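Please look at the sequence and the structure shown here before reading on.

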Amino acid sequence: MSVVSEPVPEAAVVAAEIRELAELLPLQGPITAFAFLNPLQGLEHLPVFDALRQAHEIFGCEPYLRESEYRDLVARGRITAEDVQEILQQELGVERRSVAGLIELHEMRLSQLLKLVYPVSLNELDWVLAEADSLRRFQSTIPLEHRERLLNETRHWLQMVETSGESAALQLIRSVYRGGRREVSEQQMESICAGLLWKICLQRLESVSAAAGSAAGLIRLRDAVLAVTGQDPDELVHDVLSGFCAGWLDQGYAQWQMPNRDSGFVAAFCAVYGQSSTGQRRWLRGLPEALQGLCRGAVSPVESICQSLSGLAVGDADRRSLIRQSLLALRGWAGMLWQTETRPDRVFRSSPNGTLTEFLAVRLILDRLAAEWLIREHSGGRKTVGDTVLQAVSQTAQQQPLELTARYQAFVLLQLAELHGWSPQQLFELSEEGWSELAGAAVAFDQLERRRVLHLAFEQHLSRQALDAVSRRATLPLVVPQTPQVQIVTCIDAREESFRRYLEEVCPEIETFGNAGFFCVPMYYRGAAEATFTALCPVVIRPQNWIVEDVVYSLEDSHRQRAVARRILGRFSQRFDSGSRSSVSGALLTALLGPLATVPLLGRILFPHFMAQMHSTAGQFVAPPAVTRLRLERPEGVPAGPHDDGIGFTLTEMVTMSERSLRDIGLTSGFAPLVIFMGHGSSCMNNPHESAYHCGACSGSPGGANGRALAAMLNDPRVRRRLRERGLDIPDETWFIGGLHNTATEEITFFDLELLPSSHVGRLRKLRGVLAEACQRNAQERCRRFDSAPLEIDQQAALLHVRERSEDLAQTRPEYGNCTNAVCFVGRRGRLRGLFLDRRSFMMSYDRAQDTTDSMILARILGAVIPVCEGINLLYTLSAIDNRGWGSGTKLPHNVTSLLGVMDGASSDLRPGLPWQGVDIHEPVRLLFIIETTAESMLQIMDRNPNVAAICRNGWAQLAVLDPQSSRIQRFLNGRFEDYEPRLGQLSEVAASREWYAGRRDHLPFALIRPQLAVVGAHEALVE
């Protein structure tokens, strides 16, 4: 941190920097509407690995798995030497570069990745050198021919130096061996050689000053105080801010209203802490005085920030970094403040504009007070803030990272010398330029670089498996039912891959499609029993329409009575909850009703399914009547809005949405008699992250309402008439149904069945049987991932098991969500039908033949699919890599706070990301997009869409294209598409999915399901 005072910066500059740096804050938003977004979305303008290195410095979170974990993957064969060599070839090119005339860089890197040992601390290094005899014996992995050469050349050099009497070499040798010309055993010679190699490496490296660690950089005031006093001022500051932010952001759960809440963050903070009577903690005694300017309005929050920065002697060069560090120090709460400020539609109580700036102004005041108090307590008033910063900067400049110490580098070069047979004479006679080149090459390949390359090899292994499987399947015929009796459109969610596969296995005449789970119908939705609207669309979209579910007129009286009952129960529950948390009534309620409360609690744990059925039955008495309708239409020319007249879509909007939804997936002809739009959601008991298991394309809500709305639109004769004018001719006999697939319990719900024509009742009845069988098989496959389910579990037991998991009060893993995602296929289902993808692929339908010459439909699809799926993938991936840093840690200490998120225990930062129990089986790899199009079309789309271009060109996702007319695959590498050469070998073939996964819990290679590869014809099971 600079200690030279500079002019106070312009307030407008500071305000702009705060807005820019806010993009680094967590983006998930409220936990009740969990949004899957790339945690590093603010760095997507950078190449991914540059951003990850920066993120390591900015956030202090790990960008990759630990090096030891990659070594374990190598030992298990999950990463092979071939994978590593292929990545090194891509990184270094085909041209071979020599390092100091001793070794090719490619070979050196391969050894560094697969054969060397890297201590993680100086103590471990000392132990390896002393206890593992590394200075007296060669490492066990040294090739025999290299060992013999080292011994022979060392013996020859000893004799030559003894004869010539060369002083420098003789002095070095005698520091290791003083035996003269007597005969030396092979074991002694090994010890001499190892000792000489170590001495030479250490001496030559100690003569070179470390390049890093000598320059003093920016130090945040907190870090300076912690370094000098050993006490962390953030502990004091966060104790105040965490509790205050929880009260400020409360969505209606707290018993007491935050004073002056509607006047803004600063006004509320002043109301609580701005009076002299609030000095309950000694370090806060100066807070009322420090807040005077803000409380009276004499200075604005931005001006207060400028004053705080000026008081810390922060110049323009350091200002931006200090603001960033201050925001990220409590990034969970700061991120939620920013989200409720910029997306007020996602919460019940939003934050006014400027809230994040006001938060930062208060934070900097608290930072200064906490630092001054700790320094004063530690030094007895003898040191100032400036003195402490200067001392911390000096201490930091003297510290040196482990990888830059001479001993560490010498140990690395010692191992390389033994592995590759570099004799002591070769190293002793190596020039200064050669040593500089050798040491530079070793240092440049630091632990982050090694982990990066190993991570690329980890991804390469899976990418090759996927591309080889798709290439092999693409050589086989397209499989499409000739006369489909039912067409089912599901979400592109990876969980639906297995569901669709089983539908096709059970009934080959079913045709399935994949579309984003909001089905191109973005809306704010309010159910019949709900009080507020919820956004049902990707978080990057702001809906322009409001939809309401109404009970049919004949049941309105019943609905009103049930609504009154719900309000009475709600008030009673709220008062009971409030009373249980007070001192007097809490003791009385616990004594009187405590034993009764244990009955449902134990029941939910011991008999979860039975208790859930009882709860559902009891809930029917207050639930809205079963027969409802969506208020779907509003007149042309009436503005959309949440008021009665503005509810619904105009006819033109309905036609446009319907057309887009059908054209996007290529369903423009060959309509089946029944077409189902199957949204999905997930039900689970006592799980604050339930929203994360719902539909990511619906902002963490179930997508059933979207499918229901689209089906109602397409059943409207006026919509069909206009679609026919646009070239979409839907047969009169085709009927659309909205549905919901519960991915936790494998239950299917259909909507508006009372409107189903009698001619289709028989088809739907038979379809229910197919769906029941598919759900049972799907549950059986899912159970292989749960350690509590036996591998040999049958279908019916599996269905009961998954339902009990979702209803068990003690269950931390009701389901695994998209935890296995690794691939996203955009193309015709017929090209991959019959391929077992292990629930690892998002599946978006697209037909190149129905697109325009400029790929308008594909561009529209990818504009949403790539950011959404990339966001899901990277949130899972980063949460799995460093669950404490990017994720929310284990669920066990989580407490829901403010109805917005979770924190650890009674007070902590708000925890963004996913919990460990939701990512523990995830393989952290970047998503591989395989798109059925041409390289030219894909390049044009990237040129037109900056967001897609940033994700693909900067490597935030992997990209490949599958030629629509052949099995040719091209990968996007280094800014251009290159032909992919599939590896030789047959793809495994099985008779059914169960045959392939039975008895195995881990991730599986892809395989072909033989019966699904045949061209299918009519299927009588669904024909009347």
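The text below goes through a sheet, a helix, some loop residues and the salt bridges of this predicted model.

**The sheet**

Six strands form an open sheet, a sheet of 6 strands in the order E14-E12-E17-E18-E19-E20, and their pairing is mixed. Strand E14 (841-845) and strand E20 (976-979) stand at the edges, each with a single partner strand, so one side of each has no neighbour in the sheet. From one strand to the next, the twist averages 20°.

Gln970 stands opposite Asp979 in E20.

Strand E12 (residues 823-827) contains Phe825. This residue is buried, because its relative accessible area is 3%, under the 20% that sets the limit for buried residues. What does Phe825 touch, apart from its neighbours within four places in sequence? Phe825 is in contact with Leu832, Ser841, Phe842, Met843, Met844, Ile930 and Leu962. As a contrast, Phe825 and Glu418 are 47 Å apart in space, C-alpha to C-alpha, and 407 residues apart in sequence.

**Helix H10**

Which residues of helix H10 (residues 221-229) are buried? They are Leu221, Ala224, Val225, Val228 and Thr229. Seen down the axis of H10, these buried residues fall within an arc of 100°, so they line one face of the helix. After H10 comes Gly230, which has a positive phi, near 80°.

**Loop residues**

Most residues other than glycine have a negative phi. Phe519 has a positive value, with phi near 55°, and is not a glycine. Phe519 lies in the loop between strand E4 (510-515) and strand E5 (523-526). Its relative accessibility is 0%, so Phe519 counts as buried.

Asp838 is another residue other than glycine with a positive phi, near 55°. Its place is the loop between strand E13 (835-836) and E14. Asp838 counts as buried because its relative accessibility is 2%.

A further loop, between helix H32 (856-881) and strand E15 (894-897), holds Asp882. Asp882 is buried yet has no salt bridge. How far away is the nearest side chain of opposite charge? That side chain belongs to Arg884 and is 7.0 Å away, while a salt bridge requires a nitrogen and an oxygen within 4 Å. Leaving aside neighbours within four places in sequence, Asp882 is in contact with Cys61, Glu62 and Gly887.

**Salt bridges**

A search of the whole structure finds 67 salt bridges. The table gives three of them, with the distance between nitrogen and oxygen.

| Residue | Partner | N to O distance |
|---|---|---|
| Arg222 | Asp223 | 2.8 Å |
| Arg501 | Glu497 | 3.0 Å |
| Arg501 | Glu781 | 3.0 Å |

Arg501 and Glu497 both lie in helix H23 (residues 495-506), 4 residues apart, about one turn of the helix. At 2% relative accessibility, Glu497 counts as buried. Arg501 counts as buried too, because its relative accessibility is 2%.

Arg501 lies in helix H23 and Glu781 in helix H30 (residues 761-783), so the pair ties together parts that are 280 residues apart in sequence. Glu781 has a relative accessibility of 1% and therefore counts as buried.

There is also a network of salt bridges that share partners, and it joins Arg220, Arg222, Asp223, Asp232, Asp234, Arg363 and Asp367. Are Arg222 and Asp223 buried or partly exposed? Arg222 is partly exposed, because its relative accessible area is 23%. Asp223 counts as partly exposed as well, at 31% relative accessibility.

Conventions
Residues numbered from 1 in each chain as written. Predicted model: local features only at pLDDT ≥ 70, side-chain atom pairs only at ≥ 80, totals over all residues. Heavy atoms only, no water. Helix = DSSP H or I, 4+ residues; strand = E, 2+ residues; numbered from the N terminus. Buried < 20%, exposed > 50% of the residue type's maximum accessible area, 1.4 Å probe, protein only. Lys, Arg positive; Asp, Glu negative; His and termini not counted. Contact = heavy atoms within 4.5 Å. Pairing = 2+ DSSP bridges. Axes fitted to C-alpha atoms, helices over the stretch in contact; angles between N-to-C directions. Arc of directions from axis to C-beta.
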